[in-house]
Structure formats: C-alpha cells, structure tokens
Amino acid sequence: MYYVYAISSLKRRYIYVGMTDNIERRFLQHQNGYERTTAPYRPYKMILVEEFITRVEARKREKYLKSGVGKEWIKNRVNI
C-alpha cells in the first residue's frame, strides 16, 4: 500500500504533502527533524491520509494535492 498524506505545522501556516509506503515512519521522520525541508516548521499534526494500491495512483494524487488547487482543497476539507 501507498499513502498520500498532509501534515500541518502547529507553529506556522505551513502544509506539507508527501507520499510513502510507511505512514508511521514517515510522520516520525518529519516530527523528529530528519527532513531538511520540514524541520524548521516542527511540530506537526497529521491532517490527511489517503491510501492507494499502486504507487502510480498515489503519485498522481500527491501531485494534485501539492498544486495550488490541491492545497486549497485540503484547507477547505480540513479545519486548519
């Protein structure tokens, strides 16, 4: 299984969208500062997780959610 997820910074207005095959491990990597891109915005809360059977499907959804329209969709769907 593949997961597309969105995390939101609890300190600043920042949403990160990513894809993984292990959602728990990936969230901990962000939360513990192992990712240079997201480390300055810690701590996080998980605001969205979607599950996909294939990597291709997950990547397609991730690309959409990373777009401006996709980020707006997240903001409207999730109470941030």
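**Close-ups of salt bridges and a buried serine**

**View 1. Glu 35 and Arg 26 pair up in a salt bridge, with their closest N and O atoms 2.9 Å apart.** A salt bridge here means a side-chain nitrogen of Lys or Arg within 4 Å of a carboxyl oxygen of Asp or Glu. Keep in mind that this is a predicted model, where local features need pLDDT of at least 70 and side-chain atom pairs count only at pLDDT 80 or more, while totals for chains, interfaces and linings use all residues. Residues are numbered from 1 along each chain as its sequence is written, and side-chain values use heavy atoms, with hydrogens and water left out. Glu 35 is partly exposed, at 24% relative accessible area, whereas Arg 26 is buried, at 14%. (Buried is under 20% relative accessible area, exposed is over 50%, and partly exposed is in between, using a 1.4 Å probe and protein chains only.)

**View 2. Glu 50 and Arg 61 form a salt bridge, and their closest N and O atoms are 2.7 Å apart.** Glu 50 sits in strand 3 (residues 44-52) and Arg 61 in helix 2 (residues 55-66), so this pair ties together parts that are 11 residues apart in sequence. Helices (H or I, at least four residues) and strands (E, at least two) are DSSP runs, numbered from the N terminus. With 17% relative accessibility, Glu 50 counts as buried.

**View 3. Lys 75 and Glu 72 meet through their side chains in a salt bridge, at 3.9 Å from N to O.** Both belong to helix 3 (residues 68-77), and being 3 residues apart there puts about one helical turn between them. Lys 75 is partly exposed at 37% relative accessible area, and Glu 72 is partly exposed too, at 41%. Elsewhere, salt bridges with shared partners link Arg 59, Glu 62 and Lys 66 into one network. A search of the whole structure turns up 6 salt bridges.

**View 4. Ser 9 is found in strand 1 (residues 2-9).** At 6% relative accessibility, Ser 9 counts as buried. Its side chain reaches the backbone nitrogen of Lys 11 at 3.1 Å, and a polar atom of the Ser 9 side chain lies 2.6 Å from the backbone oxygen of Tyr 41. Leaving aside residues up to four places away in sequence, Ser 9 touches Tyr 14, Tyr 41, Pro 43 and Tyr 44; touching, or contact, means heavy atoms within 4.5 Å.

Note on methods:
Polar contact = N/O pair within 3.5 Å; in protein donor to acceptor, adjacent residues only side chain to side chain.
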